[in-house]
Amino acid sequence: MDPIPFPQLSHEQENELKLNAQQWSLSNGLVMYPPNFETFQTNVAPITLFPTPIPKTSFQQALNVQKIYNELYINLITKHKSWLIEVLEELAKFDPNFTGKLFEIYKESIKDEVLQPISLGIFRSDYMIDSNLNDIKQIEFNTVSVSFGGLSTKIGQLQNFLNSTGFYDNKYNFKYYEDESLPISNSIEKIAEGLAQGNFYYNDKQENEDTIVLFVVQPNERNCFDQRLIEYELFNKHKIKAFRATLEEIEEVVTINSDKAYIKSTTQEISVVYYRSGYGPGDYEVNPAKSWNARLILEKSKAIKCPSILTQLSGSKKIQQLLTDHEILKKILPDLSNTDFKELISTFVNIYPFDDSELGKKAKKLAFESPEKFVLKPQREGGGNNIYKKNIPDFLKSIPESEWGAYILMELITPKTFKNKIMRNKDIYNENIISELGIFGNILFNETTGEILKNENAGWLLRSKFETSDEGGVAAGFGCVDNIYLY
Ligand code: ADP
Ligand code: MG
């Protein structure tokens with residue numbers, strides 16, 4: 001079945017839709033600070049006016065594999081720890097100032113007794129839908145600081161409101177889309193629930209409204225409302241308070257007493273440290289000594305980390321590449337049924353190492369012979385780091401060959417394009433867009449024994465960007481928040 005076309009509105013109708021979308025967004029927190037903001041003023045987040053078509057089968061496939069992916073990464077961390085550590089040791093050599101530092105802190109943190117074996121993962125697996133097969137293909141698996149769970153619920157609510165009140169219909173009377181075809185992501189609810197479960201397990205499986213969740217955030221975070229939506233849900237639903245601090249501030253605001261972490265000023269005990277910062281070198285740059293020490297203090301404390309350093313590092317792009325090997329996968333997920341195994345591997349595209357192995361040699365050839373089919377990725381998170389297509393050969397020539405091993409070479413996925421409308425501040429752009437579907441997953445586990453205590457889906461995110469831009473970061477200014485229209 002083909003999707004129905006995007007709504008066709010007159011100029012006046014579109015203006016009315018725009019005003020309603022803007023005011024709904026400002027009323028309900030679908031917002032983001034502009035660059036160089038004052039804290040009292042905000043903007044509507046960059047969004048699509050209409051939902052973007054996603055085949056039901058592809059969406060279902062992405063939902064189905066999430067818990068398998070969650071388990072894959074946890075089994076890797078807990079049951080194949082020595083192999084993971086070997087890989088990370090190599091990565092640390094290529095990237096001593098970031099991966100290396102995190103790895104050092106991990107080693108330091110396990111020197112003495114591990115005080116908190118329970119660990120929380122709030123993950124997001126990102127896909128594009130291949131235009132030929134309608135299959136989902138994984139872009140990357142994120143294990144730290146996954147964002148947009150907050151705004152994703154909000155845009156689903158906004159588009160449902162616009163649809164139900166007739167703004168998508170040129171006669172103002174009818175719903176343009178069926179209700180069932182515009183599902184709303186429950187990511188705010190589920191991510192808050194994940195943090196609440198962390199709080200519950202920290203307190204020996206007791207509800208406790210006195211312990212709090214520490215949100216470790218970036219200074220001057222423009223996307224703070226996305227985080228606040230989760231914080232408010234955590235309080236409204238679970239009566240658990242949150243405290244926000246940057247890495248640089250931790251030494252000043254947190255104190256450790258009998259291995260437990262407390263907020264100095266209020267003496268509240270921290271049950272969960274939720275990182276929405278710390279995933280890239282930039283997060284440690286303002287005051288490296290203080291920021292790295294903050295990471296160590298928290299890692300060693302009894303608070304549950306979301307994520308632990310090992311969990312964060314398992315999300316390296318190099319690990320993603322290694323996990324496309326079927327033999328390795330079977331070792332890590334020995335009990336997976338054949339059907340699930342097939343479903344999992346159908347989400348991979350070819351990813352090559354860039355080292356001296358046979359596959360690595362092939363990659364080096366491919367990168368120079370047909371770069372237009374590939375993206376070259378370093379071990380970095382957070383957007384703006386990849387090298388695309390024809391820029392790959394020149395880039396490689398510009399760095400010493402001894403550093404090539406730090407990269408992976410990934411086949412480009414070509415998704416269908418749609419002519420949706422993007423609203424960014426006062427402007428509406430009517431251009432071809434491509435979309436990336438992210439599925440959130442929560443997993444609570446024992447990092448020492450490998451026992452999985454909870455493994456759940458936690459909603460989704462659709463992000464779209466102009467077809468002409470390689471990167472898709474919303475906060476970085478390349479993309480926008482979207483939602484799905486299932487067909
Ligand atoms: P980051 O850690 O910076 O988010 P990603 O691997 O997610 O790194 O890549 C950033 C963006 O580049 C993605 O959001 C996507 O838009 C694009 N991209 C990455 N890999 C591919 C790919 N294999 N095919 C097509 N686009 C890709
Ligand atoms: Mg990404």
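This report walks through a predicted model, starting with its ligand and moving on to a few helices and loops.

## Ground rules

Local features here need pLDDT of at least 70 and side-chain atom pairs count only at pLDDT 80 or more, while totals for chains, interfaces and linings use all residues. Residues are numbered from 1 along each chain as its sequence is written, chains are lettered from A and ligands numbered from 1 in the order in which they are written, and side-chain values use heavy atoms, with hydrogens and water left out.

## Around ligand 1

Which residues come nearest to ligand 1? Of the 21 residues around ligand 1, they are K317, K377, G383, Y388 and E436. To count as near, a residue needs one of its heavy atoms within 4 Å of the molecule. By class, the shell divides into seven nonpolar, four polar and ten charged residues. For that sorting, Ala, Val, Leu, Ile, Met, Phe, Trp, Tyr, Cys and Pro are nonpolar, Asp, Glu, Lys and Arg are charged, and the others, Gly among them, are polar. Both domain 1 (11-349 + 421-486) and domain 2 (350-412) give at least three residues to the shell, with the bounds taken from an automatic or database domain assignment.

Now for some polar contacts, meaning pairs of N or O atoms within 3.5 Å (within protein, one must be able to donate a hydrogen and the other to accept it, and residues adjacent in sequence count only if both atoms are side-chain atoms). E381 has a polar side-chain atom 3.3 Å from an oxygen atom of ligand 1. A polar side-chain atom of K465 also lies 2.9 Å from an oxygen atom of the ligand. On the backbone side, a polar atom of I413 is 2.9 Å from a nitrogen atom of ligand 1. On its own, ligand 1 has 540 Å² of accessible area, and the protein covers 94% of that. Those areas come from the Shrake-Rupley method with a 1.4 Å probe; for residues, only the protein chains shown count as cover.

Is Q379 buried or exposed? Q379 counts as buried because its relative accessibility is 11%; buried means under 20% relative accessible area, exposed over 50%, and partly exposed in between (1.4 Å probe, protein chains only). You'll find Q379 in the loop between β14 and β15 (387-388). Its side chain reaches the backbone nitrogen of K317 at 3.3 Å and the backbone oxygen of A406 at 3.1 Å.

Helix α9 covers residues 288-300, 13 residues in total, and reaches 18 Å from its first C-alpha to its last, close to the 18 Å expected at 1.5 Å a residue. That expected span is 1.5 Å times one less than the number of residues. Helices are DSSP runs (H or I, at least four residues), as are strands (E, at least two), numbered from the N terminus. Buried residues in α9 are S291, W292, A294, R295, L296, L298 and E299.

Over in helix α2 (residues 56-79) sits I68, which is buried at 10% relative accessible area.

K205 is in the loop between α6 (187-202) and β7 (212-217) and is exposed at 51%. N425 is in the loop between β17 (421-424) and β18 (427-430) and is partly exposed at 45%.

There's also a cis peptide bond from C306 to P307, with omega near 0°. P307 is in the loop between β12 (304-306) and α10 (309-314).
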